[in-house]
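This report covers one structure, shown below. Please read the text alongside the sequence and the coordinates.

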Amino acid sequence: MHKYHLSHLKQLENEAVFIMREVASQFEKPVLLFSGGKDSIVMVRLAQKAFWPAKIPFPLMHIDTGHNFEETIEFRDNLVEELGAELIVASVQQSIDEGKAVEEKGPNPSRNKIQTVTLLDAIEKHKFDAAFGGGRRDEEKARAKERFFSHRDEFGQWDPKNQRPELWNLFNGKKHIGEHFRVFPLSNWTEMDVWQYIAIEHIPIPHIYYTHEREVVRRDGSYLANSPFITVMEGEKVEKKMIRFRTIGDMTCTGAVESSANKIEDIILEVAAARETERGTRTDDKRSESAMEDRKKEGYF
Amino acid sequence: MIDTINEFSTADYLNMDLLRFTTAGSVDDGKSTLIGRLLHDTKSIFEDQLIAVEQASKKMGDHQVNLALLTDGLRAEREQGITIDVAYRYFATPKRKFIIADTPGHIQYTRNMVTGASTANLAVVLVDARHGVVEQTRRHAFIASLLQIKHLLICINKMDLVEYKEEVFNDIREDFDDFSSKLEIQDIQYIPISALKGDNVVEKSTNMPWYQGSTFLYTLENVHIASDYNLVDCRFPVQMVIQAQSEDQPGFKGYAGKIEGGIFKPGDEVIALPSGFTTKVKSIDTMNGLMDEAFPPQSVLMNLEDDHIDISRGDMIVKPNNQPQIGQDIEMMVCWLNEKQMVLGGKYAIRHTTKMPNA
Ligand SMILES: Nc1nc2c(ncn2[C@@H]2O[C@H](COP(=O)(O)OP(=O)(O)O)[C@@H](O)[C@H]2O)c(=O)[nH]1
């Protein structure tokens with residue numbers, strides 16, 4: 001390659017760093033939404049790079065559904081301690097207890113949708129005016145439409161039919177009081193890019209991304225971890241399998257795949273050979289054709 | 001495409017460069033068909049995506065799989081069968097990684113088209129072989145030129161409907177050539193294709209032996225973009241000042257930003273604008289160590305010899321022997337993208353790199 005030419009992954013890294021610095025400069029009170037998944041872990045690394053040698057100049061916020069993989073929480077707490085960062089935990093359970101959100105009914109109650117209530121509440125309470133999300137455009141067709149700087153009205157809603165122009169690397173964070181922005185530094189990254197970056201940067205990730213034995217239930221074409229948060233239905237059986245997770249989210253809707261990958265290189269080969277998108281294992285997206293767009297309009301991540 | 005486990009190599013992947021391209025054309029010129037074919041023939045469509053598109057096509061009463069639904073991701077777009085906003089798609093071949101900005105063709109969504117096109121290295125404009133160059137062809141090419149896109153690829157599509165005739169291709173090419181003298185784009189190429197049948201998209205067509213040029217994919221893989229950045233005029237707009245106190249870096253102060261042009265090295269003499277103070281580059285720092293030099297489009301942290309100069313966001317660091325002109329009266333072309341009319345003599349905020357003055 002030409003001496004003054006950057007590889008695609010370096011270009012993406014530089015783009016993300018630029019976006020993060022732009023947010024830190026244009027907004028009063030940004031926050032980084034941290035789920036404990038690989039994308040938000042990569043975001044934390046990029047934020048470290050963007051502001052080094054200073055500390056990350058904004059807190060991390062976890063919207064806690066209460067349906068967590070223990071490993072994720074442990075990982076989160078260790079990371080925060082290492083960074084010396086501030087962590088805010090906004091609890092979905094608390095939103096339910098306060099009557100602001102209502103738990104879904106049925107055998108597979110997911111708190112995925114009602115996270116939005118907790119998220120918007122927390123943004124309002126802490127007066128955050130920009131929230132970084134780890135969403136990528138290759139993940140889902142509604143996400144493929146979103147700007148880097150994505151405007152939210154005073155109700156936290158996205159209007160996909162009326163997005164602002166966003167030219168070159170000029171980003172417009174102007175807004176009215178009470179409105180905020182969601183910002184997606186990883187917009188142009190693919191799942192493969194994220195894994196490659198984790199590999200070359202030697203970024204630690206929760207070990208449930210690697211193969212491990214776990215009790216699972218087969219449902220809707222993927223394996224769900226057996227946990228107190230799901231009800232095993234008639235005809236389903238709990239079995240032990242060697243599995244790993246391609247994404248990490250709420251335990252009730254994050255499916256696992258059978259895998260023997262126990263190091264990052266194996267995961268990369270699996271991703272290269274995959275014929276399904278990673279969200280193919282997410283039952284929250286399978287509910288309807290525009291499930292993601294509908295949730296996003298309401299203020300979802 | 002990365003097809004099997006054996007073909008995949010991390011070393012190659014990390015070495016790939018990136019081409020961002022945008023596709024434009026009038027409605028029904030075959031943009032979605034072309035992208036669909038490209039993704040399909042490079043095996044970039046996942047099975048669950050294909051199944052979802054098949055189901056959606058059926059629901060809408062299409063007998064064929066409508067690949068436009070791959071990129072028309074919004075409910076309103078699917079319901080109305082039009083593209084409203086730009087959709088981004090990603091794929092890779094062993095040579096390059098690609099970002100496609102699939103932009104809307106309707107006039108009222110031009111601002112979305114402009115958004116998608118602004119970051120592109122290359123613009124693909126489709127022309128229907130039966131209709132030739134139309135107003136929308138010229139408009140899209142003109143916008144690409146305004147946005148400073150360096151490469152333009154005119155795909156003359158639906159050649160199957162004009163019996164793959166060379167005259168049709170030549171006529172359209174000459175017609176566009178006449179117009180293109182008004183554009184600032186140096187690199188313009190023409191390819192006769194059939195997006196539907198696949199001629200000259202990924203595979204060379206046997207139906208057009210008279211065409212000696214490259215296929216669409218080959219052109220995308222090989223267009224020379226390494227010299228698209230300006231490596232001569234050094235421009236470093238300061239994005240933010242980073243200060244830190246730590247044991248090994250007491251009282252650290254550095255300037256963060258993206259190199260917009262030129263190459264900066266430690267030791268280089270620089271001048272900060274608008275103040276005009278001169279100093280030298282002490283070091284270019286990253287979390288992973290010092291850099292020998294910095295060039296576009298890197299986002300870096302620059303440490304200057306003289307810490308006491310007042311430099312803040314919106315200032316620009318350049319070299320003394322190559323300075324931009326500074327002035328208050330500027331003549332410029334304004335492209336208005338809002339539905340509300342512009343008010344002549346009104347007050348507007350403008351953004352220039354990281355600066356936001358009023359005008
Ligand atoms: N015969 C023929 N039809 C084509 C070709 N490319 C596209 N079409 C048809 O033209 C129509 C419009 O194509 P589409 O891709 O939806 O156009 P878009 O509006 O530019 O995205 C569809 O019916 C396609 O099947 C081609 O190369 N040859």
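## Model and conventions

This is a predicted model, in which local features need pLDDT of at least 70 and side-chain atom pairs count only at pLDDT 80 or more, while totals for chains, interfaces and linings use all residues. Residues are numbered from 1 along each chain as its sequence is written, chains are lettered from A and ligands numbered from 1 in the order in which they are written, and side-chain values use heavy atoms, with hydrogens and water left out.

## Interface of chain A and chain B

Contact (heavy atoms within 4.5 Å) joins 71 residues of chain A to 76 residues of chain B. The area buried between the two chains is about 6500 Å², where buried area is the accessible area (1.4 Å probe) that two parts lose on being put together, summed over both. Carbon and sulfur atoms give 57% of this area. In chain A, the residues that lose the most area to chain B are A:Y4, A:W52 and A:K145, together 12% of what that side buries.

Between chain A and chain B there are eight salt bridges, each a side-chain nitrogen of Lys or Arg within 4 Å of a carboxyl oxygen of Asp or Glu. A salt bridge links the side chains of A:K3 and B:E293, at 3.2 Å from N to O.

## Helices at the interface

Helices here are DSSP runs (H or I, at least four residues), numbered from the N terminus. On the side of chain A that touches chain B, helix 1 of chain A gives the most, with 13 residues. That side divides into 29 nonpolar, 20 polar and 22 charged residues; Ala, Val, Leu, Ile, Met, Phe, Trp, Tyr, Cys and Pro count as nonpolar, Asp, Glu, Lys and Arg as charged, and the others, Gly among them, as polar.

## Packing of helix 1 in chain A

Helix 1 (residues 8–26) of chain A packs against helix 6 (residues 191–201) of chain A at about 90°, with axes 11 Å apart. Axes are lines fitted to C-alpha atoms, for helices over the stretch in contact, and angles run from 0 to 180 degrees between N-to-C directions. Helix 1 and helix 6 of chain A are therefore roughly perpendicular (65 to 115 degrees). The contact residues of this pair divide into four nonpolar, two polar and three charged.

The axes of helix 1 and helix 2 of chain A come within 9 Å and cross at roughly 70°. The residues of this contact divide into nine nonpolar, no polar and three charged.

Definitions and conventions: Helix = DSSP H or I, 4+ residues; strand = E, 2+ residues; numbered from the N terminus. Parallel < 35°, antiparallel > 145°, perpendicular 65-115°, else oblique.
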